[in-house]
Amino acid sequence: MKRKQPKQPERNTVKKESLTETLNVKTILLSLLMLLLPPGELFLFYFMKDTDTGSFLTGFITLGMLLLVFVFVFLTGLYQNTFLYNNGAHPERLLGVYVLGLLLVAVHSFLPCQLWLFLPLAVMLMLASGPQVGIGAYLILLYVQELISQPDPVVFVSFALIGVMGMILFSHLDTTFLFGVPLFTALLFTCLALLCMDFAQQGTITFENVLYVAINLFCSFIILTLALKYLSLHILHKNRDKYQEMNDPEYVLLTDLKQYSKKAYYHAVHTAYFCEKIARKIGADEMLAKAGGYYHKIGRMRGESNLKNALAIAKEYHFPPELVQLLKEYGGKNTTLVSREAAIVLLADAMVSSVMFLFEKNPRAELNYEQIAGVVFRKQIESGILDHCSLTISQLNEIHKIFVEETLYYDFLR
């Protein structure tokens, strides 16, 4: 990678595992299942229905080529860590939704196309993986539906647009996970698309089809609401109450740290401030990043700020698993940073440490924060510790900008 200038830290630090790490037993098995299940379902319906052999073989070969491309996209997503919500560590979530989609395709074959529930399927596929992989999986399932049901081409195009639009709308959810507006917009677009599809097919819109569309929208609303609530409560925010407790400056562990060392306590407070601000700006997990700012050097409470002591305290105080992983990334001697939150803690800690050190030497000094931030970025980038991190170039620039613009806050560090 090319080295960047301090004032413009433009380094692409997308996480890349080795090929061996990506192609482990789990991912190979998942890939094989995703390759074999759609053709298996297609064969089943071929024997159930009186399907022309020539058209079946053509569709089967095309499906095979699409599946190979999809598996390549899936493995690339794992390799480059483009999966959302830590799904790269849990690819079985995608397989679960994928299998559910194949079952839904089978049910759809007995229903009128106005009742096909492809909107919630598309959104769930995207949320279980990421935009690129989600679109690939969705188009595979939609094509299987096309081969089984053989509807008019306008039906395939309509549901392709519905699915892609749904994924686009829900791909921008932040950590607050407020989904009311994208849900309403997706349902409205689905309604218009289905009505236009009916008109294109029949030249009119019948009451029966309007009723089918209404049922589709109602079912999509219920499924999506339940799925999004589950994702929010049981995957994204299952430790929210614990983080709220730990991120209180009066939390017992932080008050103990203050008694142990006021300098260490205020360093943690300032680091946590920057971590929260940065995470909010770039769409990372604010609570996790802030907790990382508070506790990244908590090991000093046991005599030395090392990973062993930090993990012992984490076990004693029941730290959430994501925070424990952050501490391992931050404090491990032979590991590099992977998560955005761990990288945020690293950069915020380095910036706060540098400013506090310079103020200790001269409390009245007028510091050049842009220059300090440039040095901090250059040192961390040159060390290689960010080489496997999932921060993008634009996110690094946003972090650099925050450090430069927080001139008033730095007075608290004097």
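**Reading cavities, pockets and a buried serine**

Reply: In this predicted model, α12 gives the most to the lining of the largest cavity, with 3 residues.

Me: What is the general idea behind finding such space, and what volume does the largest cavity have?

Reply: Rolling a probe the size of a water molecule over the atoms shows where empty space is left. Here the count comes to 2 cavities of 30 Å³ or more, and the largest cavity has a volume of about 70 Å³. Its lining is made up of L257, A264, H267, A268, G293, Y294, H296, K297, I298 and R300, and the elements that give two or more residues to that lining are α12 (262-282) and α13 (286-295).

Me: Which residues line the second largest pocket, and which element gives the largest share of that lining?

Reply: A pocket, unlike a cavity, is an open set of points. The second largest pocket has a volume of about 230 Å³, and the residues lining this pocket are N87, R93, V97, M124, L127, A128, A227, L228, Y230, L231 and I235. Two or more residues each come from α4 (92-108), α5 (118-127) and α9, with α9 supplying the largest share, 5 residues.

Me: Staying with helix α9, where S220 lies, is S220 buried or exposed?

Reply: The cut-off for buried is a relative accessible area under 20%. S220, which lies in helix α9 (residues 207-236), has a relative accessible area of 0%, and therefore counts as buried. Leaving aside residues up to four places away in sequence, S220 touches L117, L119, P120 and L187.

Me: How many helices and strands does the whole protein have, and what share of its contacts joins residues at least 24 apart?

Reply: The protein has 18 helices and 0 strands, and its C-alpha atoms fill a box of roughly 85 × 45 × 45 Å along the principal axes. Among contacts between residues at least 6 apart in sequence, 75% join residues at least 24 apart, while 46% of the 414 residues count as buried.

Me: What does the accessible surface come to, and how many positive and negative side chains are there?

Reply: The accessible surface of the protein comes to about 20400 Å², and 62% of this area belongs to carbon and sulfur atoms. As for charge, there are 35 positive and 35 negative side chains, with the centres of the two sets lying 11 Å apart.

Definitions and conventions. Residues numbered from 1 in each chain as written. Predicted model: local features only at pLDDT ≥ 70, side-chain atom pairs only at ≥ 80, totals over all residues. Heavy atoms only, no water. Helix = DSSP H or I, 4+ residues; strand = E, 2+ residues; numbered from the N terminus. Buried < 20%, exposed > 50% of the residue type's maximum accessible area, 1.4 Å probe, protein only. Contact = heavy atoms within 4.5 Å. Areas by Shrake-Rupley, 256 points an atom, 1.4 Å probe, with all protein chains shown as cover. Lys, Arg positive; Asp, Glu negative; His and termini not counted. Charge placed at Lys NZ, Arg CZ, Asp CG, Glu CD. 1 Å grid on protein atoms, 1.4 Å probe; cavity = no way out; pocket = protein on both sides within 12 Å on 5 of 7 lines; lining within 4 Å. Points joined across faces, edges and corners; volume = space filled by probe spheres on them.
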